[in-house]
Amino acid sequence: MKQSIAVYSIISLLNRIGFDEARLGIDEKTSLDEKYKIFETDEAIAEFRAKFSAHLAKHPIDYVLCDETQDMPAGFMRVIYEEIKDCVFFIDEAQKFYPYTMNSIADIFHHPKFERIDMRGRVKNLKNVYRTPSNIARCAFEILQNDSAINTYYKNSFYLDKSFLEDIECVLQDGSVNIKAMDDFAQLRGILESLPVNETSVVLSNSKKSVEAIKEYALPKDKNIDVLTMQSIKGLEAQNVVIHNFLPFLQTTLKNDRKLFFRKIYVLLTRSKENLYVSIPEKLDENLPDEIKA
């Protein structure tokens, strides 16, 4: 049975079917943002359809299940749907973490380059199942509600049986949310040394340079601790998550990705399975934007 199931990332799928990026002007210098813009062109969609159809002729696929669909090229996913028909696409608009991420499943079914498909009977809103302890999830959810573009069902929680907390607390234990000043490496090292040896832990920081500095100056050698940039944590989890340099991240995100501001915070906070540590200076600048001070 396992031999009949293949698991691909979108990039490995493109390589598998022989998608010709060079013909579309894509090379090693092309950023992901630029790639996704090109992927939505007529030429790219035609290239994908031709190569995917040729691949199916030799390697038939009966069913497709796609997780994190919001991070896939919408036009390509529409082609997959049209070619396979039996597809299940999981999409979480609250995790719109990148500028190229889909807004909703409508980006596939109502794609401007294809005939519009009626989504009635095809789409179901699934009850959120959080890996995250209920009190951390509540914090993340309340932040997400500030996003004016998020769909109503995220705001009103009408898809829950009772209420947000009552529904999730029945299956999740409480964790802890710790707000501390720990941007200084000595303070950060103290937190990391206090983490249990036999638990998974992740430190997140706002740049690759900061990640390397943490590894060199603040990371205890006897702990199972990964150090990652905040942009690379999506889809991952750990028992303990430490968010370092959070304020600079918020300032940069608000300046460059204002539309994604609350969703990025939501994603970062919900990576923790048990304990969350957030580094915030003891005294905030009064001139900070209201979105950050709130």
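Helices here are DSSP runs of H or I with at least four residues, numbered from the N terminus. With that settled, a word on what is on screen: this is a predicted model.

I will start at the surface. L126 sits in the loop between helix 5, residues 106–109, and helix 6, residues 134–144. Its relative accessible area is 53%, and the cut-off for exposed is over 50%, so L126 counts as exposed. Together with L65, V88 and F90, L126 makes up a nonpolar patch on the surface, and the accessible area of the four comes to about 380 Å².

The largest nonpolar core has 65 residues, and the members touching the most others are F19, F48, I80, F89, I243 and L268. Take F89: neighbours within four places in sequence aside, its contacts are V64, C66, T69, M77, Y81, I105 and I108. Another core, of 14 residues, lies apart from that one; M182, V203, V211 and A218 are among its members.

Next, the aromatics. The model has 13 aromatic pairs. What is the arrangement of the F185 and Y217 rings? Their centres are 6.3 Å apart and the planes are at 20°, so this is a stacked pair. F185 belongs to helix 9, residues 185–194, and Y217 to helix 10, residues 208–217, so the pair ties together parts 32 residues apart in sequence. F185 is partly exposed at 25% relative accessible area, while Y217 is exposed at 53%. Elsewhere, F19, Y36, F39, F48, F52, F76, F97, Y98 and Y100 form one aromatic cluster.

Last, charges. The count of salt bridges is 16. In one of them, R49 and E83 meet at 3.3 Å, N to O. R49 is in helix 3, residues 42–58, and E83 in helix 4, residues 74–84, so parts 34 residues apart in sequence are tied together. Both partners are partly exposed, R49 at 27% and E83 at 29%.

K234 and E68 form another salt bridge, at 2.9 Å, N to O. Here the partners are 166 residues apart: K234 is in the loop between strand 5 (225–229) and strand 6 (238–243), and E68 in the loop between strand 1 (64–66) and helix 4. Is K234 buried or exposed? K234 is buried, at 12% relative accessible area, whereas E68 is partly exposed at 22%.

R189 and E193 also meet in a salt bridge, at 3.0 Å, N to O. These two are 4 residues apart in helix 9, so about one helical turn separates them. R189 is partly exposed at 30%, and E193 is partly exposed at 46%.

How values were computed. Residues are numbered from 1 along each chain as its sequence is written. This is a predicted model: local features need pLDDT of at least 70, side-chain atom pairs count only at pLDDT 80 or more; totals for chains, interfaces and linings use all residues. Side-chain values use heavy atoms; hydrogens and water are left out. A nonpolar core is a set of buried Ala, Val, Leu, Ile, Met, Phe, Trp, Tyr and Cys residues joined through side-chain atoms within 4.5 Å. Buried means under 20% relative accessible area, exposed over 50%, partly exposed in between (1.4 Å probe, protein chains only). Contact means heavy atoms within 4.5 Å. Patches are made of residues with over 30% relative accessible area and no salt bridge: like charges are joined within 9 Å, nonpolar side chains (Val, Leu, Ile, Met, Phe, Trp, Tyr) within 5 Å. Accessible areas come from the Shrake-Rupley method with a 1.4 Å probe; for residues, only the protein chains shown count as cover. A salt bridge is a side-chain nitrogen of Lys or Arg within 4 Å of a carboxyl oxygen of Asp or Glu. Rings of Phe, Tyr and Trp (its six-membered ring) pair if their centres lie within 6.5 Å; planes under 30 degrees apart count as stacked, over 60 as edge-to-face and the rest as tilted.
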